[in-house]
Structure formats: structure tokens, C-alpha cells
Amino acid sequence: MDGGDDTEVAAAPPPPLEWKFSQVFGERTAGEEVQEVDIISAIEFDRTGDHLATGDRGGRVVLFERTDTKDNGGSRRDLERMDYALSRHPEFRYKTEFQSHEPEFDYLKSLEIEEKINKIRWCQTANGALFLLSTNDKTIKFWKVQEKKVKKISEMNIDPSKAVGNVGVPSSSVSSSSRSHLANGGYPDRSCNDFPFPPGGIPSLRLPVVVVTSHETSLLARCRRVYAHAHDYHINSISNNREHHLCFVHNSGVTKFDISSFETASDGETFISADDLRINLWNLEISNQSFNIVDVKPANMEDLTEVITSAEFHPTHCNMLAYSSSKGSIRLIDLRQSALCDTHTKLFEEQEAPGSRSFFTEIIASISDIKFGREGRYILSRDYMTLKLWDINMDSGPVSTFQVHEYLRPKLCDLYENDSIFDKFECCLSGDGQRVATGSYSNLFRVFGCADGSTESTTLEASKNPMRRPVPTPSRPSRSLGSITRVVRRGGESPGVDANGNSFDFTTKLLHLAWHPTENSIACAAANSLYMYYA
């Protein structure tokens with residue numbers, strides 16, 4: 001094909017993005033010790049990208065709101081529709097925070113339940129209020145965050161001689177009365193009182209005057225519902241239906257409650273929660289009943305070979321969802337087939353190369369997170385060493401595989417000994433589906449281009465200078481574990497750097513990150529700090 005052909009130019013991959021630092025919240029000073037309860041454990045943008053929520057190990061949820069669009073007098077989408085030139089990068093500010101979960105103790109099982117927030121999911125807004133789901137290991141909560149007008153006490157026990165006519169409680173029943181009030185409880189006309197007051201009222205009686213100030217508001221977070229006692233194992237995922245679709249589910253008589261049909265997404269009625277062995281379907285309005293749709297628990301627990309690691313609803317088909325397993329497979333299921341989805345519609349897994357199996361093969365193959373692309377055509381999965389992009393129409397293997405930190409492969413033994421090999425890294429896709437991102441060690445995160453022909457591979461550090469780290473070159477041969485050990489003993493290199501200059505500081509890890517739904521903006525968590533970048 002001619003290189004100057006228009007089709008060839010249109011198919012060219014987008015150029016690599018140049019990432020810049022935007023903001024940081026909770027930045028640590030040099031030498032400051034991080035408290036365990038302050039470490040961020042969940043990040044989530046809402047569907048508009050105007051709000052961001054984080055959860056931490058102390059059970060708190062912190063909300064941030066976007067400010068640069070408000071300064072310009074409208075939403076960013078409206079401004080773009082009017083060809084408004086937006087030169088400023090995305091800016092967020094602290095909005096509010098609330099205590100979502102508290103530590104508990106299960107006396108029947110003698111088990112401590114941590115307050116740590118595992119996942120956060122935004123629900124549809126209504127009447128100016130924000131709604132979201134948050135979960136720890138056992139309990140899911142549905143929160144409403146709304147602005148309330150501040151009520152203030154303007155006067156208290158005022159001088160009775162100046163009180164006539166200005167101390168009535170502002171209500172329809174009192175304001176309709178033509179009688180004057182005294183500050184200490186009496187009417188000027190004593191015959192109008194049901195209770196006999198002395199002349200001039202009772203001096204010790206205090207009657208405050210409460211007024212609503214229209215210019216002052218405060219944010220109030222209220223727990224609307226609690227979904228508890230449905231999981232025997234730790235909850236690892238929650239996902240809610242959010243698109244405008246109507247779907248029906250067949251009732252086979254094995255449900256916990258009778259469900260013959262439901263309308264989803266357009267009114268945000270349903271969500272799923274997953275633990276190691278089961279996936280439950282919930283209705284937001286019903287907190288004491290759930291519908292078990294996936295159960296992989298064998299009759300004999302000794303026969304257990306894999307567990308569920310993540311689950312996600314399809315973004316456009318409310319009857320479809322996917323879940324991943326510790327064996328590196330992804331199953332797509334259709335809720336229309338049966339009430340208990342013990343069989344899958346499609347199975348996505350990569351075949352092992354002959355002779356490549358080792359002690360660590362199954363451990364590093366375990367998928368820690370999956371995400372659907374915006375249109376639902378692709379699924380992004382993260383295992384310990386790689387990111388994989390799957391086409392749901394092609395179950396023979398991933399369409400792309402991205403090496404995240406291949407230089408750590410010689411260190412798998414050390415990673416196993418210090419339990420780092422069990423770290424669960426999250427992944428995310430850009431709104432346009434052109435790029436994917438995930439975290440690594442030393443507070444690094446990787447951004448890859450996944451468009452046809454793209455070679456984009458960027459390594460950034462969660463700091464104010466994100467481009468400080470060099471991009472690792474996977475094509476270079478790594479040194480063997482023995483040669484690294486010898487170098488460390490001689491002191492010729494830093495003990496945390498391999499032959500290619502790539503750091504593997506296992507104590508600092510970037511597990512959680514989220515991509516803005518409509519823009520090239522990433523929020524990521526490094527311990528207790530929230531960093532934001534834009535391109």
C-alpha cells in the first residue's frame with residue numbers, strides 16, 4: 001500500500017503522550033512516617049469525571065470535586081461542545097470525607113474484620129445528591145452525600161423588653177398567628193396561654209431563634225443501606241449496572257428471593273459483589289436479600305483449585321458480566337441463560353508454553369483486576385507480571401500483552417519470600433480505549449499504547465517530577481539472580497537496582513490508580529498521597 005495513502009495515515013497510531021504533574025493531596029514531608037490507617041486502598045472517578053473518591057485502610061472515604069470547569073461557568077463537555085478553548089489542566093479540590101466502616105469482630109468465627117475500604121463504586125446522582133457504594137471485607141454500604149443549608153441560632157435569651165414580635169419560630173403555624181411573642185415564653189395577653197405564665201414571662205426560660213442561612217451550606221454523608229451477612233469470604237469486587245438498558249432474568253427457582261425480571265442501569269437498581277467463591281446480585285433497595293449467581297465452591301474444599309479474584313459488569317449489556325480467577329482465566333457469563341450461572345458463555349485464557357512451567361507459574365498467572373473498555377468490546381486484565389488486552393469476540397488468546405516489570409522475573413524467589421508476589425495491582429483504560437495503565441514497585445506506573453501499531457511505553461513515578469525515571473527496556477537481557485547477588489555483595493551497585501537500572505524497592509508499591517473517563521488524566525495512590533497527572 002502506498003505510504004501516502006489516506007487510509008494509511010488514518011490508521012497511524014496516536015503519538016505518545018507527554019505527561020505532566022497536576023496535583024498532589026496528602027504529600028509527605030521528608031522523613032515523615034506514614035500511618036497505616038492513612039494508606040489509600042481504593043480510587044474511583046464518577047462517570048462524568050467531575051468527582052473522585054478515595055478510600056483508605058482506616059475506613060474513611062474522601063471525596064474530591066473538579067474546580068476548573070466551574071471556574072469557566074459550565075461543564076467541560078458543554079464547553080467543548082461550544083468549541084471553548086480549555087487551556088487549564090484538570091484541577092480538583094477536597095470536598096468532604098466521612099467514616100464509612102469501623103473495625104468489627106465476628107464472635108462466631110473469632111475473626112477480626114478490618115475497616116479497610118476494598119472498593120468504591122459511584123452510583124447515579126439524583127436531585128443534586130451524590131450516591132456511592134463502599135465495601136470492606138464483609139459489609140457493603142450505600143451512601144448519600146448531599147449539601148444541607150446551615151441552620152444557626154441567631155439569638156438566645158434576649159432582653160424581653162426588645163423581644164416582642166421577633167422571636168417566633170419560623171413555621172407556618174406560628175407565622176400565621178397575629179399574636180406577639182415574648183422572649184421567655186409568654187404572650188402579652190396572658191389569657192391566650194394554655195399554661196399560666198407570670199407577667200413578663202419566666203426570666204430563666206431560654207428560647208433560641210433558629211434561622212436558615214441561604215448562603216451557607218454543609219455536606220452531609222448519610223448511610224442509606226447496609227448490605228451485610230452475604231459473604232463468608234472477603235469481598236474483592238463490587239460493580240454496578242449503570243447504562244440505559246432493559247433486561248430480564250429467568251427464574252429457575254433456586255434464588256434466595258423471587259426475581260423474574262428487573263430493569264437495570266437506567267435507574268441504577270442492581271449491583272454485584274464478589275468474594276473468593278461466590279458472586280451475589282443485589283437490588284439497591286433491598287439490603288437483606290441477595291441472589292447468588294455464581295458459586296464455585298466445591299462439595300469438598302480439598303477439591304478447590306481456583307478462586308474468584310475480580311468481577312465486573314459489562315458496560316453496555318446489563319445481562320453480561322465477567323469474572324477472573326486465580327488460574328489466569330476470565331469467564332464471560334450471561335444472566336439470561338440461567339439463574340445460577342455455573343456455566344460460562346466464553347472462556348478467555350492463554351495457553352502455557354511447553355516446558356515453561358515452574359513453581360511460580362500459577363502464582364504469577366493469578367489475575368488481580370479486570371476492566372471493560374468503554375464500549376465493552378475489550379477486557380483489560382492484570383496479572384503479576386503483565387497486562388493483557390482481550391477481545392470478547394476472540395477467545396483464542398489476548399490481542400496484546402504488555403510486560404510491566406519483566407526485569408523482576410529473576411527475583412521471583414525473593415518476591416515469594418517477602419510475600420510481594422501476592423500484591424494485587426489494579427489496571428485501567430483510557431476513555432477512548434487507546435491506552436492502558438497499571439502500577440509497579442518504587443511508586444512507578446506504566447502507560448502503554450494499545451492502538452494498532454503503537455509502541456508507546458512510558459514509565460512514570462508518583463512524584464512531582466513524573467518523568468524522572470528512565471523507561472525500562474524489556475528487550476535488554478537481565479542479569480541472572482546469581483550475578484545480581486554478587487554485585488550487591490561487592491557493593492558495586494545499589495541493592496535495589498538491577499542491571500538495567502530498574503528499581504525494585506518492594507516496600508513502595510503503586511497498587512491503585514484510575515483513568516479519567518473522558519480525558520487523559522490519571523489519579524494514582526502512593527501510600528497516603530494522591531497524585532494526579534494530565535497529558
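User: Which side chains meet in a salt bridge at 3.1 Å, N to O?

Analyst: Please bear in mind that this is a predicted model. A salt bridge is read from the distance between a side-chain nitrogen of Lys or Arg and a carboxyl oxygen of Asp or Glu, with a limit of 4 Å. Here the side chains of Arg121 and Glu44 form such a bridge. Arg121 belongs to strand E8 and Glu44 to strand E2, so the pair links parts of the chain 77 residues apart. Both Arg121 and Glu44 are buried.

User: How many salt bridges does a search of the whole structure find?

Analyst: The search finds 27. One of them joins Glu27 and Lys464, with 3.2 Å between the closest N and O atoms. This pair also links distant parts of the chain, 437 residues apart, and each partner lies in a loop. Glu27 counts as partly exposed at 39% relative accessibility, and Lys464 is partly exposed at 48%.

User: Which residues are linked in a network of salt bridges?

Analyst: The network consists of Lys109, Asp232, Arg278 and Asp295. Within it, Asp295 and Arg278 have their closest N and O atoms 3.2 Å apart. Asp295 lies in strand E17 and Arg278 in strand E16, so this bridge ties together parts 17 residues apart in sequence. Arg278 is buried, with a relative accessible area of 19%, whereas Asp295 is partly exposed at 29%.

User: Is Asp369 buried or exposed?

Analyst: The cut-off for a buried residue is a relative accessible area under 20%. Asp369 has 2%, so it is buried. Asp369 is found in strand E22, and its side chain makes a polar contact of 2.7 Å with that of Lys371. Beyond its sequence neighbours, Asp369 touches several residues, including Lys119, Ser310, Arg382 and Phe425.

User: Which residues make the nonpolar surface patch of about 330 Å²?

Analyst: Phe359, Tyr416 and Phe422 make this patch. Phe422 lies in the loop between helix H6 and strand E26, and is partly exposed, with a relative accessible area of 43%.

How values were computed: Residues are numbered from 1 along each chain as its sequence is written. This is a predicted model: local features need pLDDT of at least 70, side-chain atom pairs count only at pLDDT 80 or more; totals for chains, interfaces and linings use all residues. Side-chain values use heavy atoms; hydrogens and water are left out. Helices (H or I, at least four residues) and strands (E, at least two) are DSSP runs, numbered from the N terminus. Buried means under 20% relative accessible area, exposed over 50%, partly exposed in between (1.4 Å probe, protein chains only). A polar contact is a pair of N or O atoms within 3.5 Å; within protein, one must be able to donate a hydrogen and the other to accept it, and residues adjacent in sequence count only if both atoms are side-chain atoms. Contact means heavy atoms within 4.5 Å. Patches are made of residues with over 30% relative accessible area and no salt bridge: like charges are joined within 9 Å, nonpolar side chains (Val, Leu, Ile, Met, Phe, Trp, Tyr) within 5 Å. Accessible areas come from the Shrake-Rupley method with a 1.4 Å probe; for residues, only the protein chains shown count as cover. Lists of a residue's contacts leave out its neighbours within four places in sequence.
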